[in-house]
Each structure stands twice: as C-alpha cells, then as structure tokens.
Amino acid sequence: MTIEEIQTLFNCKLDYRTRSVLGLLYGSGMRIGEVRDLFITDIDSKQNQILIRQGKGNKDRMTLLPQSLLTDLRLYFIEARPKIHLFESKQTKRAMHQRSLSLLVSNAMEKAGFKNKGFTAHTLRHSFATHLLNAGSDIHTIKTLLGHSKIETTMVYLHLQTSKRQQIISPLDALNRVVNE
C-alpha cells in the first residue's frame with residue numbers, strides 16, 4: 001500500500017479495536033497470528049516496544065510500539081476490558097480467532113474503498129517493511145523487527161524501492177556539484 005492509501009485507511013471512522021489491530025499490523029509489522037496471540041503484558045509502553053512470543057519459527061522478538069497507537073490501545077482496553085490476551089472474544093473469553101481479526105481488517109479495507117485491491121493483514125506488514133526501508137532504515141534492522149531468520153527473506157523488500165534508486169546521486173556527481181557551486 002502507498003503511504004496515501006495507509007492514510008486513507010486510518011482516516012476512516014473505525015472503532016478502537018479495529019484501529020488497534022490495524023495499528024499493530026502496520027505500525028509494528030506484526031503477523032495477524034502474532035496479534036491474535038498478544039498478551040496484555042507483552043506491551044511495554046514505557047520502552048515503546050512489544051514482545052512477540054513464539055512468532056514464526058518459535059522465536060521471541062521485540063518490535064516497535066508506535067507512540068501514536070497508545071491512545072487507541074488504551075481506549076480499546078478501557079472499552080473491552082480484556083483479561084489475558086489483548087484481543088479476546090466476547091463469547092469465549094479467549095484470544096479472538098484469526099479469522100475474526102482478518103474480518104476486521106477486510107471490513108476496514110472495504111470501508112476505506114479498497115474492497116477490490118486485495119489488501120490483507122499481511123499487506124500492512126509488507127507496507128511496514130517497505131515504508132521503513134524507504135525512510136532509510138537498514139535492512140538488518142527491518143529483518144530483526146519482522147522476525148526473519150534469513151536476510152534473503154527481508155531482501156524481497158529491496159525490489160519495491162525503485163523510486164528510491166532513481167533518486168540516488170553518484171558520489172562523483174555529488175562531488176562535481178560541490179566543485180561547480
């Protein structure tokens with residue numbers, strides 16, 4: 001998704017739970033299953049980080065907790081009063097089913113006008129990585145945040161950076177620009 005599409009999505013009138021789920025997917029790069037398994041105690045608002053327990057490959061990792069998401073998370077928490085998992089089913093009092101979380105994302109995408117674009121929860125994770133890379137974050141940091149074992153898995157995001165490559169100035173051109181000024 002483009003930055004403009006992300007803005008359109010977050011500018012929609014969404015409830016706190018949906019905004020929190022979307023915010024974790026895009027703002028932290030979490031997988032939908034990791035959002036499902038998130039314990040309340042895994043959120044460290046003082047350090048602005050989230051503990052991902054037993055993510056893909058059964059590894060623990062830390063990822064970003066966006067400051068801008070804290071208000072929505074707190075309002076959702078006050079509204080829903082979850083006990084153990086951050087997102088709990090009202091019926092079962094257990095972690096929400098992954099399909100229910102995916103449906104929240106699909107409904108939000110439709111509300112934003114993206115019904116036929118094929119955007120999913122995983123699209124938000126990809127957008128997180130691509131936008132970090134475009135903003136200048138290094139590939140190794142992104143690899144760690146995403147929980148990838150191999151750098152090759154993360155390098156798939158490099159091909160999405162074509163606009164950034166077009167803006168690169170050769171060191172020789174930069175040198176000549178300084179000399180000619």
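In which helix does Ile-78 lie? Ile-78 belongs to helix H4, residues 70-80.

## Basis of the model

The model is predicted: local features need pLDDT of at least 70, side-chain atom pairs count only at pLDDT 80 or more, and totals for chains, interfaces and linings use all residues. Residues are numbered from 1 along each chain as its sequence is written, and side-chain values use heavy atoms, with hydrogens and water left out.

## Overall architecture

The protein chain contains 10 helices and 3 strands; helices (H or I, at least four residues) and strands (E, at least two) are DSSP runs, numbered from the N terminus. Along the sequence the elements follow the pattern α-α-α-β-β-β-α-α-α-α-α-α-α. The C-alpha trace spans about 70 × 35 × 30 Å along its principal axes.

Of the 181 residues, 41% count as buried (buried means under 20% relative accessible area, exposed over 50%, partly exposed in between, with a 1.4 Å probe and protein chains only). Among contacts (heavy atoms within 4.5 Å) with a separation of 6 or more, 56% are between residues 24 or more positions apart.

## The antiparallel sheet

The 3 strands form an open sheet in the order E1-E2-E3, with antiparallel pairing; two strands pair if DSSP finds at least two bridges between them. Strand E1 (43-44) and E3 are the edge strands, each pairing on one side only.

E1 and E2 are joined by 2 bridges, and Ile-43 has Ile-50 in E2 as its bridge partner. Ile-50 in turn has Thr-63 in E3 as a bridge partner. Strand E2 (residues 49-55) and strand E3 (residues 59-64) are joined by 5 bridges. These two strands form a hairpin with 3 residues between them, and Gly-57 in the turn has a positive phi of about 85 degrees.

## A buried histidine

His-131 is part of helix H6 (residues 121-134). His-131 counts as buried because its relative accessibility is 12%. Apart from neighbours within four places in sequence, His-131 is in contact with Met-1, Thr-2, Ile-3, Ile-6 and Tyr-26.

## Surface

The protein chain exposes about 10,900 Å², of which carbon and sulfur atoms supply 53%; accessible areas come from the Shrake-Rupley method with a 1.4 Å probe, and for residues only the protein chains shown count as cover.

Ile-78 is exposed because its relative accessible area is 51%. Together with Tyr-16 and Leu-75, Ile-78 makes a nonpolar surface patch of about 250 Å². Patches are made of residues with over 30% relative accessible area and no salt bridge, like charges being joined within 9 Å and nonpolar side chains (Val, Leu, Ile, Met, Phe, Trp, Tyr) within 5 Å; a salt bridge is a side-chain nitrogen of Lys or Arg within 4 Å of a carboxyl oxygen of Asp or Glu.
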